[in-house]
Amino acid sequence: MTALAHSPIAGFGYRDAEGLSRTTFIGGTPGFARVHSPTRISFLLDEPGTADGPASLLFLLPGTGETLRVNGSAFLGRDREVIFDVEQVYVHCAQAVLRSGLWQPPSPAERAPEVGGDGPLSKPGVADFLVAAPFLVLSTWDSAGGSDSSPRGDHLAVARIVDDHTLVIADRKGNKRADTLHNLLQDDRLSFAALVPGRTGVLHVRGRATITVDPVLLEPMSLRGTPPHAALLIDVEAADLTTNDAVTRARLWNPATHAEPPDLMALASEHLAANSANTAGGPPAFLLKVAGLMPAKWLRAVMNLAYRSGLRKEGYEVGGIFRRRAGTAQEDPLREVRVVGVRRETPSTVTLVLEDAGDSNAVFTFLPGQFFTLVTDIGGRTLRRPYSASSAPGSPRLEITVKHVEAGRFSTHVHRDVAVGDRLFVRGPSGSFHVDRKAAHDVVLVAAGSGVTPMMSMIRTLLAGRTGYRIALLYSNRSAEETIFAAELARLEREHPGRFSVAHVVTSRDGRVDVPGVRQWVAGLAPSPNARFYLCGPETLMDTARQALDELGVPDGHVHVERYATGRTAAATSSVPQRMLVEDGGRGVGTAVAEPGQTLLDAGLTAGLPMPYSCTVGSCGECVVKLLAGKVSQQEPNCLSARQRADGQILTCTSTPLTEVTLELGRGPSGR
């Protein structure tokens, strides 16, 4: 159970209703497999297909060499839930993972030689993937109703292309249970799912295999002059390269997302000692017999020594393969908060009152107008959304006001499910849209709908100060009923006559705000020459207000805009994977490969690169980078300013590459 609780992903081998062999990856978050009893677990199957009969699992723990193999039978229950009855559980030695360097930084993507013919391996992207794939999970079945999924790993390509429909996989030394070879002698059908470190794509292959000792095939796979003793020769029937949701969610190559894994060898020491007679070719048997008597730290040191010795004998450069991957990605820490209040503002708007989950007296420090990113798991997926703080800074309670958006997954969750006592995470503060709390000038605010939320933080902060400068708000809403903070705005206006004023526009009654109307309102205020203007709302209102201020001669430097967009158009995508190079100040940071339809941000995070981001929906500007080379397609509209666009800056969270691209992280001030 400890291993299952920590594992975010597993290879799953099964046969569908038509008897076709399939191997895929499932999971996405630690503990995805629910334990119902010592002999039954369950999990979700995200892809089409019906599991019914003998099946097997291979659980992976990022940063750990050993894997957990589980054999049994499976059937599909309700809502794509697979019920798995467990018959065998055991730990597989680390050599396959260590050979592959699975948890090490991804190597630069290489182009494969062109594969002629029209077989499955000639399909776009398949050969390039195989050239870069050092690891796969291989599933086989026997004639008695048994199934096995085991790891295969090599220091370069684990499966090598012979021609457009043939692959060869070396059978290297390992723990030598020989399940795969035993099964293939009874049933030659197999399937595998291959991984490339740093990519969310998975190559699914199905075919039939024979065991070969042909020197012509074995010799090219020699290490230091020693060929493998045997190999699997696979006649490929199907090869499909797809993006895998479980691999995407698991962020396998981003160490910041994973807790320290348990030591599987320590957990399995008694099991290993009891089964030492079945491990010929692996670590020395006498080591396994005393494993159960050793402290975990000693056992790990002894096993590492045994692995090193075995890998050296095979001809591997142990230093590079055995090294545990060092993380390069650093995420801003998430702050856990507790919901202490849920306040209904309008029929479609609520305010969450949050306090630090660890210290209820810890204050939230930010600039009035800035936003925080709320983070939570919904339906097994981590979602992030940016929301402006509506409270004043410096308090132990942070207020976030959320308007319900039709079909909005996050806002629907907040309105329907979040209650007092629940816990969320926040990241931030973020954003350059904020007011100086010691402002020595008039402040003019224009907002529509939920665009008033950052304004509310500004108003509360400024009115709490001693400055005598004026604050004026022009606030547009569809109806009086949907006017957020209506009662409080009225109260503040009464309590601060001459300092604070509100002009309400109800569009169902008064019509839409237009340029002459904004111009007339601002002129009537007679703001001081150094007044600052803050605009927040949908594109149409922001454009209207900007035009009115331009006509009044307000300097650009005195106008600050925060936009939110609706009706976005999706970005176009490439039909093949595209390489992404990332630099910082001219220094290479790393490379990644974006699968078809995958954003630059997701590709970079999957590869463990230090990509900046917050909201992931194109609203906050935290993920801005400079495009140095290549072409991308970007979702429109978004929060980029005209100056940023002219400078070649893009948002990685909503951009997909159309060609190979080079990005510069050190893009300087955002210019928002």
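# Helix pairs and loops in a predicted model

Biologist: Which residues in α17 meet Val515, Val518, Arg519 and Val522 in α16?

Modeller: This is a predicted model, where local features need pLDDT of at least 70 and side-chain atom pairs count only at pLDDT 80 or more, while totals for chains, interfaces and linings use all residues. Residues are numbered from 1 along each chain as its sequence is written, and side-chain values use heavy atoms, with hydrogens and water left out. Contact means heavy atoms within 4.5 Å. The residues of α17 that meet those four in α16 are Thr544, Ala545, Gln547, Ala548, Leu549 and Glu551.

Biologist: How many residues of the contact of α16 with α17 are nonpolar?

Modeller: Nonpolar means Ala, Val, Leu, Ile, Met, Phe, Trp, Tyr, Cys or Pro; Asp, Glu, Lys and Arg are charged, and the others, Gly among them, polar. The contact has two polar and two charged residues, and its nonpolar residues number six.

Biologist: At what angle do α16 and α17 pack?

Modeller: Helix α16 covers residues 515-525 and helix α17 residues 539-551, with their axes (lines fitted to C-alpha atoms over the stretch in contact) 8 Å apart. The pair is oblique, a class left over once angles under 35 degrees (roughly parallel), over 145 (roughly antiparallel) and 65 to 115 (roughly perpendicular) are taken out. The crossing is right-handed (near helix turned clockwise from the far one by less than a right angle; left-handed if anticlockwise). The packing angle is about 55 degrees.

Biologist: Are α13 and α14 roughly parallel or roughly antiparallel to each other?

Modeller: Helix α13 (residues 452-464) and helix α14 (residues 486-495) have axes 12 Å apart and pack at an angle of about 25 degrees. The crossing of α13 past α14 is left-handed. By that angle, α13 and α14 are therefore roughly parallel.

Biologist: Which residues of α14 make the contact with α13?

Modeller: On the α13 side stand Met456, Ile459, Arg460 and Leu463. The residues of this contact divide into five nonpolar, no polar and two charged. From α14 come Glu488, Leu489 and Leu492.

Biologist: Within what arc do the buried residues of α12 fall?

Modeller: In helix α12 (residues 409-416), Phe410, Ser411, His413 and Val414 are buried, that is, under 20% relative accessible area, against over 50% for exposed and in between for partly exposed. Seen down the helix axis they line one face of α12, because their arc is 155 degrees.

Biologist: Which proline is joined to glycine 428 by a cis peptide bond?

Modeller: The omega of this bond is about 15 degrees. The proline lies in strand β20 (residues 423-430). It is proline 429.

Biologist: What is the relative accessibility of aspartate 79?

Modeller: Aspartate 79 sits in the loop between β6 (67-76) and β7 (81-92). Its phi is positive, about 50 degrees, although it is not a glycine. Aspartate 79 counts as exposed, with a relative accessibility of 71%.

Biologist: How far apart in space are alanine 572 and proline 657, C-alpha to C-alpha?

Modeller: Alanine 572 is in the loop between β25 (559-564) and β26 (578-584). Leaving aside neighbours within four places in sequence, alanine 572 is in contact with Ser633, Thr656 and Leu658. Alanine 572 and proline 657 are 85 residues apart in sequence, and their C-alpha distance is 8.7 Å.

Notes: Axes are lines fitted to C-alpha atoms, for helices over the stretch in contact, and angles run from 0 to 180 degrees between N-to-C directions. Helices (H or I, at least four residues) and strands (E, at least two) are DSSP runs, numbered from the N terminus. Buried means under 20% relative accessible area, exposed over 50%, partly exposed in between (1.4 Å probe, protein chains only). The arc is that of the directions from the helix axis to the C-beta atoms.
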